[in-house]
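Me: Could you walk me through how to read a few features of this fold? I'd like the general idea each time, then the case at hand.

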Amino acid sequence: GYKGGVGRTTTLAGFALFLAEEHAKNVIAVDLDLEAPGLGPMLLDDASPDLGVVDFLIEERLDRSTPLSLSRFLVGSPFPTGKGSVRVVPAGALDRDYLEKLGRIDAQGLADPRDSAGALLQRLLERLRSEARPDVILLDVRAGLHDIGGISLSGLSHLELIFAVHSDQSWAG
């Protein structure tokens with residue numbers, strides 16, 4: 001969505017739970033709203049993960065010899081989901097180190113194009129598909145036009161849904 005507050009994260013969380021409960025799908029929801037994470041806190045209730053997308057983007061660049069265990073990033077939602085499941089890759093632990101970690105992400109790949117946020121997110125999604133084997137992966141991206149949003153709209157997704165409020169400002173955006 002162009003503007004915040006249109007219900008993007010709430011809709012994605014509800015859709016994930018709907019797919020799991022009503023259609024027995026195994027869903028992974030990834031919180032790519034790194035500047036204002038909301039999906040993890042919404043779907044994980046009181047569970048507080050140690051690691052998330054921000055940690056993956058930093059750590060995956062540092063040591064390619066030993067792949068990071070996805071179990072450190074992928075947390076099961078405590079909500080009842082029928083025969084399916086909802087697992088979440090949160091943005092990260094929202095602690096005093098979070099902003100420092102966020103500042104270390106090389107979104108444009110200036111240091112090394114192979115380690116751009118786009119390449120790293122592609123690796124994360126490939127690993128989720130091959131190791132966790134979900135039926136559906138949902139990506140929650142923050143509002144506005146920005147690097148992570150551009151990455152997610154240019155090749156990571158098979159289908160993009162854009163949420164907006166019907167207003168002149170949204171249409172201009």
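Reply: Helices (H or I, at least four residues) and strands (E, at least two) are themselves DSSP runs, numbered from the N terminus. Keep in mind that this is a predicted model, where local features need pLDDT of at least 70 and side-chain atom pairs count only at pLDDT 80 or more, while totals for chains, interfaces and linings use all residues. Residues are numbered from 1 along each chain as its sequence is written, and side-chain values use heavy atoms, with hydrogens and water left out.

Me: OK, in which sense do β1 and β3 pair, and over how many bridges?

Reply: They pair in the parallel sense, over 5 bridges. β1 also runs parallel to β4, again with 5 bridges. Take alanine 29: its bridge partner in β3 is valine 88, and in β4 it is leucine 138.

Me: How many residues of β1 are buried?

Reply: Buried means under 20% relative accessible area, exposed is over 50%, and partly exposed lies in between (1.4 Å probe, protein chains only). By that cut-off 5 of the 6 residues in β1 are buried, so the strand is mostly covered.

Me: Now helices. What span should α1 have, and how far apart are its end C-alpha atoms?

Reply: The expected span of a helix is 1.5 Å times one less than its number of residues. Helix α1 (residues 8-23) has 16 residues, so it should span 22 Å; its end C-alpha atoms are 21 Å apart, which agrees.

Me: Which residues of α1 are buried?

Reply: First the general idea: an α-helix has 3.6 residues a turn, so residues three or four places apart point the same way. In α1 the buried ones are Arg8, Thr9, Leu12, Ala13, Ala16, Leu19 and Ala20. They cover an arc of only 140 degrees around the axis (taken from the directions from the helix axis to the C-beta atoms), which puts them on the same side of α1.

Me: What covers those buried residues of α1?

Reply: Contact means heavy atoms within 4.5 Å. The cover includes β1 (26-31), α2 (39-44), β3 (85-89) and β4 (136-140).

Me: And what is threonine 9 in contact with?

Reply: Threonine 9 sits in helix α1 and counts as buried because its relative accessibility is 13%. Leaving aside neighbours within four places in sequence, threonine 9 is in contact with Gly38, Leu39, Met42 and Asp140.

Technical notes. Two strands pair if DSSP finds at least two bridges between them.
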